[in-house]
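Have the sequence handy as you read.

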Amino acid sequence: MKDKLDITLRIANTKLALTIVPDEEPLLRAVAKEVNHAYEAYSHRFADNTPQEILAKVTLLFAKGYLNLAAQARQTDELLGRFEADLDKILIGESALS
């Protein structure tokens, strides 16, 4: 099997030729589909905007989603860290009583 795969994706009206790891293909095609869906929706919503402005808005949409998820992941990691520390205290306390 090839180490790399050549694919072409379309984002808005632009074709992108990419060389990727084969395992990335399904994800990248799904991402392109979602970006194009957002681009089409924004094209209708902001019909007076240039394609560059619409792509900038789509970029902000996805960047906002990414940053929100990253913040949620950090909060989850912190919560799990506190939970693990509390659980360790409980387990250490119980083993000291035995």
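## The salt bridge

This is a predicted model, and it holds one salt bridge. The partners are glutamate 25 and arginine 29, whose closest N and O atoms sit 2.9 Å apart. In general, side chains of opposite charge can pair when their charged atoms come close.

Where do glutamate 25 and arginine 29 lie relative to each other in helix H1? That helix covers residues 25–45, and the two are about one helical turn from each other because they are four residues apart in it. As for solvent, glutamate 25 has a relative accessible area of 24%, so it's partly exposed. Arginine 29 comes in at 37% relative accessibility and also counts as partly exposed.

## The nonpolar patch

Now for some greasy surface: Phe83, Leu87, Ile90 and Leu91 make up a nonpolar patch, with about 390 Å² of accessible area together. One of these residues, leucine 91, is found in helix H2. Is leucine 91 buried or partly exposed? Its relative accessible area is 47%, so leucine 91 falls in the partly exposed class, where the cut-offs are 20% and 50%.

## Aspartate 88

Aspartate 88 has its place in helix H2, which runs over residues 51–97. With a relative accessible area of 37%, aspartate 88 is partly exposed.

Definitions and conventions:
Residues are numbered from 1 along each chain as its sequence is written. This is a predicted model: local features need pLDDT of at least 70, side-chain atom pairs count only at pLDDT 80 or more; totals for chains, interfaces and linings use all residues. Side-chain values use heavy atoms; hydrogens and water are left out. Buried means under 20% relative accessible area, exposed over 50%, partly exposed in between (1.4 Å probe, protein chains only). Patches are made of residues with over 30% relative accessible area and no salt bridge: like charges are joined within 9 Å, nonpolar side chains (Val, Leu, Ile, Met, Phe, Trp, Tyr) within 5 Å. Accessible areas come from the Shrake-Rupley method with a 1.4 Å probe; for residues, only the protein chains shown count as cover. A salt bridge is a side-chain nitrogen of Lys or Arg within 4 Å of a carboxyl oxygen of Asp or Glu.
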